[in-house]
Every structure is written in structure tokens, then in C-alpha cells.
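Keep the structure open as you read.

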Amino acid sequence: MLEILVVCLAFGCFSGVLAGLFGIGGGVVLVPFFLFLLESHGIVNELLMLMAVATSLATMIITSVAATLMQHRLGAVIWQDVFNLSYGILFGVVIGTVVADSISSDTLRFIFALYMLYVAIEMAVSIKIGAKFKVLGAWAKAMAGAVIGFVSAVLGIGGGTLTVPLLARHQVAMRNAVAISSACGLPIALVGTISYAILGWQKTGLPEGSVGYIYMPAFLGIVMSSMLTAPIGAKLASRLPTKQLKRYFSILLFVVVGKLFWAIL
């Protein structure tokens, strides 16, 4: 358990820099990291993928609070949009956790691998998002939030890869879209974490240190270090050629995707 905590402290430094540098949610790197880490320490069972997803969401509670406070101070958060999306997000997250708990580990791993493939392609080609559609109404945002919440809960992500493009294509400035997405990450992470803790509470076979499906040593290691390094990544973003670095990072994502698919076969 102590070894896993130390490894997560080290990886948290890396994931924090990536989050600040590329603006990516933690789930993209944390879910496969937790999966491979737990497997390498002999924790191999049908609940492994759920543990990776749940622990990833738990780490996002802390990072979402920090990101939202920062965006609020900058005046970038449009709170009415956050509330409209969150009505649906809360419903979608609860349904998503129940669905994830009911499907096989290989199926969940396959779905996550497809999502990572999408992110890798998006980072490799750097598609520019334009405002092509009219402004979404309150009900449309609530329904969109339900989809975002569902997908985020199943994959263990903060939903930024879904929320930001959606808003940006519907007349929301990119600066505001990112801020709204950060704020929406909190209900996703909070409700998802509580749901996975409850669903896994009576499960047998979970390792010592688990709260439901959340593996606390991994959670603590990541949050303690990533909070310190995320601001460093944000500062580097203004100095380094992030577009080129995204393409290099996408290669790593393609490798991880290949390993995920290989494990299923």
C-alpha cells in the first residue's frame, strides 16, 4: 500500500503538469495509470476497471474545486449555464455509475479505449472548433448535461472533452466554455465518487484501503502532488509550443490505447 502511495505521488506530479499544459482532464491519463498500477501489484479481478474509474473521479473533486475557484476569480464562469447543465449532469452521473457497475470489466475497458482513441486523434490533428450553431436553451443544456454526466461517470473523466466543444460550437466563447466545463466537473466528480463508494461498499475482493470502489492510497498520492504541479503546467503552456507537444503526447496515448485493446484480446 505504501509503495502504491509513493508511486502515485510521483505520477501525480506528471499528471498535474499535463493537466496544466494541455488542459486535459485527469481521467485520460489517470484511469489507464490506475489500471496498470493495480494490475502490476497483483490486484487483478473483475472490479479493477471500476476501481480505476472511481478513483479517477475522486481525484477530480479536489482539482475541480481549485480550477473552478480560479476561473471564478477571473470572471469566466457563466453560472447560469453551469446550473442548466448540472441539472442533467446529476441524473446522468447516477445512471452512468449504475450502468458501469453492471457491465463486464472488459466491456468497460473497451469503451474507455475507444474514448482514448478519440482523444488521441483529436490531439494529433488539432481540429479548430468554430461557433456553427445557435445558442442552446435551458432544456437543451439539461439534456446535454445528462449525456455528459453519463459518459463521464462511465469513463471516469471530468467531461471537458465533451462540454467544451459543445459550448464552443453553440456561441459560447472558448474562455467561458473552459470555465463552465471546470465548474461542471465538480458535480460530476462529487456525485460519481459518492455513487461508486455506495455501489462498491458491500463488494468482496476489494483491496485493503478501499472505500467502495475508490482506492484511497492512489487517491491521496495523486491529489497531494498534482495540486502542486498543475500551476507549473499552466505556466509552461504560455512558453512552450503546445500544439507540437500535443502531437507528441498523442503518440503516447496511441500506445496506451493499443495496450488496452491488447489486454482485451
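This is a predicted model: local features need pLDDT of at least 70, side-chain atom pairs count only at pLDDT 80 or more; totals for chains, interfaces and linings use all residues.

Residues are numbered from 1 along each chain as its sequence is written, and side-chain values use heavy atoms, with hydrogens and water left out.

Q: What distance separates the end C-alpha atoms of helix 3 (residues 48–73)?
A: Helices here are DSSP runs (H or I, at least four residues), numbered from the N terminus. The expected span is 1.5 Å times one less than the number of residues. Helix 3 has 26 residues, so it should span 38 Å, and the end C-alpha atoms agree, at 38 Å.

Q: Where does helix 3 bend?
A: A bend is the angle between axes fitted to the seven residues ending at a residue and the seven starting there. In helix 3 that angle is about 30°, at isoleucine 61.
 
Q: Which residue just after helix 3 takes a positive phi?
A: Look just past the end of helix 3. The phi there is about 75°, and the residue is glycine 75.

Q: Why are helix 2 and helix 5 called oblique?
A: Axes are lines fitted to C-alpha atoms, for helices over the stretch in contact, with angles from 0 to 180 degrees between N-to-C directions. Under 35 degrees is roughly parallel, over 145 roughly antiparallel, 65 to 115 roughly perpendicular, and the rest oblique. The axes of helix 2 (residues 27–40) and helix 5 (residues 105–125) cross at roughly 140°. The pair is therefore oblique.

Q: Which residues of helix 5 meet helix 2?
A: Contact means heavy atoms within 4.5 Å. From helix 2 come Gly27, Val28, Val31, Pro32, Leu35 and Glu39. Their partners in helix 5 are Arg109, Phe112, Tyr115, Met116 and Val119.

Q: At what angle do the axes of helix 4 and helix 6 cross?
A: Helix 6 covers residues 138–155. The axes of helix 4 and helix 6 come within 6 Å. They cross at roughly 35°.

Q: How is helix 4 oriented to helix 8?
A: The axes of helix 4 (residues 79–102) and helix 8 (residues 174–199) come within 9 Å and cross at roughly 30°. That makes helix 4 and helix 8 roughly parallel.

Conventions. Helices (H or I, at least four residues) and strands (E, at least two) are DSSP runs, numbered from the N terminus.
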